[in-house]
Amino acid sequence: MILFPAIDLKEGRCVRLVQGDMDKATVFNDDPADQAARFAEQGFEWLHVVDLDGAFAGRPMNAAAVDAILARIALPVQLGGGIRDLRTVEGWLEKGVRRVIIGTAAVRDPDFVREAARRHPGGVAVGIDARDGRVAVEGWAQTSEMTAEDLGRRFEDAGVTAIIYTDIARDGILTGLNIEATLRLAEAVSIPVIASGGLASIEDVRRLLQPDCQKIAGAISGRALYDGRLDPAEAMALIRTSRGAA
């Protein structure tokens, strides 16, 4: 199980939203690269970055901030937000992003995801953001009729390296991960699934390390890390102990 600290970018700054609402943004750091360096120093193994403005605009909008993060840290970075074509995928991978996360385009243009994954093995993940089990797109501004499981199954044979599953209703409000829905998706596909939305405390980490959650490959933590509800040292120690026991 990998714990991914999250950096959400809005107008070049590191922010957290509440349920994806851009009008409810709290700025936690004016220097995203500095925040990335802090996460690296705390012992995290990956970094999860989202270009929030890009998710709404449909193209990268915080490239300078992402470039600064990549220049500052050696951690592998997964990046989502505004990635809608092969040129953008390849541009980010060439800059050093380890894997890109395709969200809206996975619903609108699944063939694009398949082609990107074929060209870049291990470099393409799919972001599935759901509200009441239905997939949301365009920076969560629109909800489709498709279920998370239906979308996940589309990419079973596509070479996608991971699915990041976010429960929008829980995102940013610290009510705990939606383990039930995440497991439902993880059991419907063979692609590794990463949980996102609502991670609140060390209890969520403990829950993810229970035997019945073995199909969940990781989890993303945002606000709980920023406001001190989740201690990085405690979380990473728990994960390392679990790996040793396994």
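Is Asp132 buried or exposed? At 74% relative accessibility, Asp132 counts as exposed. Here exposed means over 50% relative accessible area, buried means under 20%, and partly exposed lies in between (1.4 Å probe, protein chains only).

## About the model

This is a predicted model: local features need pLDDT of at least 70, side-chain atom pairs count only at pLDDT 80 or more, and totals for chains, interfaces and linings use all residues. Residues are numbered from 1 along each chain as its sequence is written, and side-chain values use heavy atoms, with hydrogens and water left out.

Helices (H or I, at least four residues) and strands (E, at least two) are DSSP runs, numbered from the N terminus. Two strands pair if DSSP finds at least two bridges between them.

## Two turns with positive phi

Asp132 sits in the loop between β7 and β8 (134–137). Strands β7 and β8 form a hairpin with two residues between them. Phi of Asp132 is near 55°, a positive value in a residue other than glycine. The two strands run antiparallel, joined by two bridges. Arg131 stands opposite Arg134 in β8.

Glu11 lies in the loop between β1 and β2. Its phi is also positive, near 55°, and Glu11 is not glycine. The hairpin of β1 and β2 has two residues between the strands. Glu11 counts as exposed, at 56% relative accessibility.

Strand β1 (residues 2–10) pairs with strand β2 (residues 13–18). The sense is antiparallel, over three bridges. Asp8 stands opposite Val15 in β2.

Strand β2 also pairs with strand β3 (residues 21–29). This pairing is antiparallel, over four bridges. Val18 faces Asp21 of β3 as its opposite residue.

## The enclosed strand β7

Seven of the eight residues of β7 are buried, so this strand is largely enclosed by the rest of the structure. Strands β6 and β7 run parallel, joined by three bridges. Ile102 has Val126 in β7 as its bridge partner.

Strand β10 (residues 162–167) pairs with β7 in the parallel sense, over six bridges. Ala130 stands opposite Asp167 in β10.

## Helix α6 and its two faces

Which residues of helix α6 (residues 110–119) are buried? They are Pro110, Phe112, Val113, Ala116 and Ala117. They cover an arc of only 155° around the axis, which puts them on the same side of α6. The arc is that of the directions from the helix axis to the C-beta atoms. An α-helix has 3.6 residues a turn, so residues three or four places apart point the same way.

The cover over the buried residues of α6 includes α4 (86–95), β6 (99–102), α5 (104–108), β7 (124–131) and α7 (148–154). The face turned away from the buried side of α6 carries the exposed residues Asp111 and Arg118.

## Gln78, a buried residue

Gln78 belongs to strand β5 (residues 77–80). Gln78 is buried, with a relative accessible area of 0%. Its side chain makes a polar contact of 2.8 Å with the side chain of His48. Another polar contact, of 2.9 Å, joins the side chains of Gln78 and Arg99. A polar contact is a pair of N or O atoms within 3.5 Å; within protein, one must be able to donate a hydrogen and the other to accept it, and residues adjacent in sequence count only if both atoms are side-chain atoms.

Leaving out residues up to four places away in sequence, Gln78 touches Phe4, Trp46, Leu47, His48, Val49, Arg99, Ile101, Ile164, Ile194 and Ile220. Contact means heavy atoms within 4.5 Å.
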